[in-house]
Amino acid sequence: MGEPFLRLENVHKTYGNLVAVQDLNLEVPAGQLLGLLGPNGAGKSTAIRMMTTLTTPTAGTIVLGGVDVAQFPQKVKRLFGVVLQQTSVDVDLTVWENLELHGRMHRMPQPERREAIARWLEYVELGDRRDSLVKTLSGGMKRRLQIARALLHQPQMLFLDEPTVGLDPQTRRRLWEIIKDLKAKGLTVLLTTHYMEEAEFLCDRVCIMDAGTIMRPAPPRTSGPNTDGPSSYTSKREASPIDFSQTWQRPTRIWMPKAIAPG
């Protein structure tokens, strides 16, 4: 196996005398959906904040896509998208305006930006709400908008920090379908959750996190009735490169029209 797409070595984060993350070591191969499973306060969100440049590690090394996160934060931001627990879209802007702003911040050319916005809004079933103020959306719609925004600049990895917390079961299931589809298309995904059934349904591999560190990886599952949603099973299939120029079409109601190939 080659170099992992994401690698953490001896990562620590302290706030004064409070140890939030300690001796965190983790590798995520390209194309894998890894779950960090643990209770509230385990350090999962702090870990994601360090991986996505929002918090600087006290010690240790984080490398994403061959780029040192601490040394080259601007460069590494092009490689990932992130959906945080808190609603991070501007509620006083429309759905379209939020994505327009994000695309401009990533310096996407106008034709590519507008096509990508329309495509991702259809993918997350918000095409008919493009002119709605975000404040008028439900919690599930806001979460889907955050996913569309995270994917707009065509990242190679997606971070999801407890993406379904506080959502009703039906909305949660719809988000699960989107996440599974993205992983099936070759996107590398790291997801945190404290829901056992969510990890079971979505993840290729699960690591148990508590007290700021990885307790142990879950052992591979070689068989079981729920083969549609392995959690501790680690796939040995080689991941293909992500092709954003292909037509992505889902077997469910959520679909993606043909995209314009990146120039």
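## Pocket, confidence and packing

Guide: The largest pocket holds about 990 Å³ of space. A pocket here is an open set of points on a 1 Å grid over the protein atoms alone, where a 1.4 Å probe fits, with protein on both sides within 12 Å along at least five of seven lines. Grid points are joined across faces, edges and corners, and the volume is the space filled by probe spheres set on the points.

Visitor: Which residues that line the largest pocket are the closest to its centre?
Guide: Lining residues have an atom within 4 Å of a point. There are 30 of them in the largest pocket. The closest to the centre are Lys-77, His-102, Met-105, His-106 and His-153.

Visitor: Which element gives the most to the lining of the largest pocket?
Guide: Elements are DSSP runs numbered from the N terminus: helices (H or I, at least four residues) and strands (E, at least two). Those giving two or more residues to this lining are helix H2 (73-76), strand E6 (80-83), helix H3 (95-105) and helix H5 (139-151). With 4 residues, the most comes from H3.

Visitor: How many residues of that lining are charged?
Guide: Asp, Glu, Lys and Arg count as charged; Ala, Val, Leu, Ile, Met, Phe, Trp, Tyr, Cys and Pro as nonpolar; the others, Gly among them, as polar. The lining has 12 nonpolar and 11 polar residues. The charged ones number 7.

Visitor: Where does pLDDT stay under 50?
Guide: This is a predicted model: local features need pLDDT of at least 70, side-chain atom pairs count only at pLDDT 80 or more, and totals for chains, interfaces and linings use all residues. Residues are numbered from 1 along each chain as its sequence is written, and side-chain values use heavy atoms, with hydrogens and water left out. The protein chain averages a pLDDT (the predictor's confidence in each residue, from 0 to 100) of 85, and 81% of the residues score at least 70. The stretch under 50 is residues 220-263.

Visitor: Which element has the highest mean pLDDT?
Guide: The protein chain has 7 helices and 10 strands. The lowest mean, 78, belongs to strand E10 (residues 213-217). The highest, 98, belongs to strand E4 (residues 59-64).

Visitor: What do the buried residues of H3 pack against?
Guide: Buried means under 20% relative accessible area, exposed over 50%, partly exposed in between (1.4 Å probe, protein chains only). In H3 the buried residues are Val-95, Trp-96, Asn-98, Leu-99, Glu-100, His-102 and Gly-103. They pack against helix H4 (110-123) and H5.

Visitor: Why is helix H1 (residues 44-51) described as largely enclosed?
Guide: Its buried residues are Lys-44, Thr-46, Ala-47, Ile-48, Met-50 and Met-51. H1 is largely enclosed by the rest of the structure because the buried count is 6 of the 8 residues.

Visitor: Is Leu-24 buried or exposed?
Guide: Leu-24 lies in strand E2 (residues 18-28). Beyond four places in sequence, Leu-24 touches (contact means heavy atoms within 4.5 Å) Leu-8, Glu-9, Asn-10, Val-11, Ala-47, Met-209 and Ile-214. Its relative accessibility is 1%, so Leu-24 counts as buried.

Visitor: What is the relative accessible area of Gln-74?
Guide: Gln-74 sits in helix H2. Its C-alpha is 8.8 Å from that of Thr-53, 21 residues apart along the chain. Gln-74 is exposed, at 56%.
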